[in-house]
Amino acid sequence: MNLEGAILTIITAATPLLIAALGELVSERSGVLNLGVEGMMAMGAVVGFATAHLTGEPALGVFASILAGTATAALFGFLTLVLVANQVASGLALTLFGLGLAALIGDAFVSLPGQGLPEINIPILSELPAIGRIVFGQDALVYVGILLTFGVWWFLFRTRAGLILRSVGDNHASAHALGYPVIRVRFMAVLFGGACAGLAGGYLSLVYTPQWTQNMTAGRGWIALALVVFATWLPWRVAAGALLFGAVSILQLHAQAFGVGVPSQFLSMLPYVTTILVLVLISRSSTLLRANTPACLAQPFVPDR
Amino acid sequence: MRKIVATVGTAMALALAAGAAQADDPLKACFVYVGPHNDGGWSEGHDTGRKLVDEMLGDLVETSYIENVPEGPDAERAIERQARSGCGIIFTTSFGFMDPTLKVAEDFPDVKFEHATGYKTAPNVTSYNARFYEGRYIIGQIAGRMSDAGVAGYIVSFPIPEVIMGINSFMLGAQSVNPDFKLKIVWVNTWFDPGKEGDAAKALFDQGVDIITQHTDSPAPLQIAQERGLHGFGQAHDMYEFAPKAQYTAIVDTWGEYYVKRVNAVLDGTWESQATFDGIVDGIMAMADYTNLPDEVVAMAEATEASIVSGEFHPFTGPIYNQAGEMVAAEGEVLDDGALLGMNWYVQGIDDAIPQ
């Protein structure tokens, strides 16, 4: 078995999940549950692909996918934060809306070969034996995902703004009483979540499989959502979960190609079961769990002036 | 009381008006797809057929489709909705729609149903299928000749007879030119997930196969093949545009003629329930252009294609042995359609077990 190839594939499989989940984590930490990740991803995927195709610039496509995700999230923010609509219902609606609109926009772009984002190639370093391609030779967005993990952790737990964001998610009434702009903080968090989901979608249509087809997100938004919960809203656990999910889903394919005598249905189930099991085990301390769960998650907030 | 009479009267008048309108209306031909109508694969193949119906029969018919219908309980609801909306003939185009189609057909005896790739029929349900194994034998032969490693990767969806039949036919084709040919099989348990199909292709290439083929619907595996400078075959649709350097050929579904024929049969009242199993010769499928291949391999593929079309050769001609080494078809014996459509065993040489 080609270990380098397997590791490269695992990282690319984990990256879209990681990026989307980190965005959702920030949104949920501020107290907003956005179930529309799948829809925002689809929008990011189609707009990113279309832009790359029309301009011939995959990098522009990446930016366009971020913008598309942000715009879709803004709609959600307007509904749930300004009009105080139910977050669960609005999120589900956003998924349906996003998937549908993406299919409509994408109709003209199906069955067109896409522009793939090139892999980074640093002379000498990328050619190092064994680790060269893994450490220095991936596409740029893989590094964005890694930086984002550190960035989100640092922001949430090492900056004042992050503290405010968490306090808004834990007790919006107190945060409001202290004079923090609850709605504005939440809106920014939702937009960040949308940007990440859009980027994750762009990753699918520009790097993972450079093409646009309807439903190409294939449920990855929902996996990202689940990762956030099972990772108890901690960035490094999200990263661990995404990598684990990627690893098991790729290795089960390798196991099949290798011809191990295990039923394929069981192997297909493994990524889900293993990831949930491991994340539940590492977060089984109930005090920690309570400390990390945003207490105001999915609760609407109307300032009482 | 007067109000009730009036309501009933209005309802009856409406019903009469509807009945009168129906007589002049074009026949509604409806389609149910498992994926998006433009998936670049299986469902698009059917949608191209639908468009041909539109084109050929013009004002006589009105076609429509529902896409992205998941196999399972939801399918029944979707098919029933089509039946209720006044469709005269409904094509349900995925294996998993078989039982839902039969169930809905019971409640709508006047509507004609046509189910693709299944094996059950009813007085108002026809089953139709294409002999895809003919194409798979040809691409198997090509793989046997072109693979330096002598190993091909096969990405598959679900262990249903249709899929098993394809794997066996591909393997028989490959063995006909390279008796030691090996096959690595990966089940992705989905018909359509570009990411997962691409991952499966990567895993297979990483394990040393140099040719892949697939029984899933997206062009992602071929794109990976192109990225790696390796090769593969298009599925259901000519996928040349996605991988101009990687595609050898593709098994292209051309359902259109069949659809036109069947819709016409409803129009002139000759429609009857039947079980259709057509091959390349009937025009229900075709091989895409042979590309990226040396002339002699193209010649071999074309010769095989011609002998299948002429009926001279059948891919499942004995001697055929199963994995246990038992003879399934004797020298010169051809497996009958029943054996093909219920296939649940691998031919000798496949080094894997069918998931149960």
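Predicted model: local features only at pLDDT ≥ 70, side-chain atom pairs only at ≥ 80, totals over all residues.
Colleague: How are helix 1 of chain A and helix 9 of chain A oriented to each other, roughly parallel or roughly antiparallel?

Modeller: The axes of helix 1 (residues 3-29) and helix 9 (residues 182-208) of chain A come within 6 Å and cross at roughly 170°. Since angles over 145 degrees count as roughly antiparallel, the orientation of helix 1 of chain A and helix 9 of chain A is therefore roughly antiparallel.

Colleague: How many nonpolar residues are in the contact of helix 1 of chain A with helix 9 of chain A?

Modeller: Helix 1 of chain A contributes residues including A:P16, A:I19 and A:E24, and these belong to a contact in which helix 9 of chain A supplies, among them, A:F192, A:L199 and A:Y203. Divided by class, the residues of this contact are 1 charged, 5 polar and 16 nonpolar.

Colleague: Which helix gives the largest share of the side of domain 1 of chain B that touches domain 2 of chain B?

Modeller: Domain 1 of chain B covers 24-131 + 255-282 and domain 2 covers 132-252 + 285-341, with 27 Å between their centres, taken over C-alpha atoms. The contact takes 21 residues from domain 2 of chain B and 17 from domain 1 of chain B. Of the domain 1 side, the largest share, 3 residues, comes from helix 2 (residues 42-57) of chain B.

Colleague: Which strands are included in what covers the buried residues of helix 4 of chain B?

Modeller: In helix 4 (residues 98-107) of chain B, the buried residues include B:M98, B:L102 and B:V104. Their cover includes helix 3 (73-84) of chain B, together with strand 3 (89-92), strand 4 (112-116) and strand 5 (125-130) of chain B.

Definitions and conventions:
Residues numbered from 1 in each chain as written. Chains lettered and ligands numbered in written order. Axes fitted to C-alpha atoms, helices over the stretch in contact; angles between N-to-C directions. Helix = DSSP H or I, 4+ residues; strand = E, 2+ residues; numbered from the N terminus. Parallel < 35°, antiparallel > 145°, perpendicular 65-115°, else oblique. Contact = placed C-beta atoms within 7 Å. Nonpolar A, V, L, I, M, F, W, Y, C, P; charged D, E, K, R; others polar. Domains from an automatic or database assignment. Buried ≥ 20, exposed ≤ 12 C-beta atoms within 10 Å, placed from the backbone.
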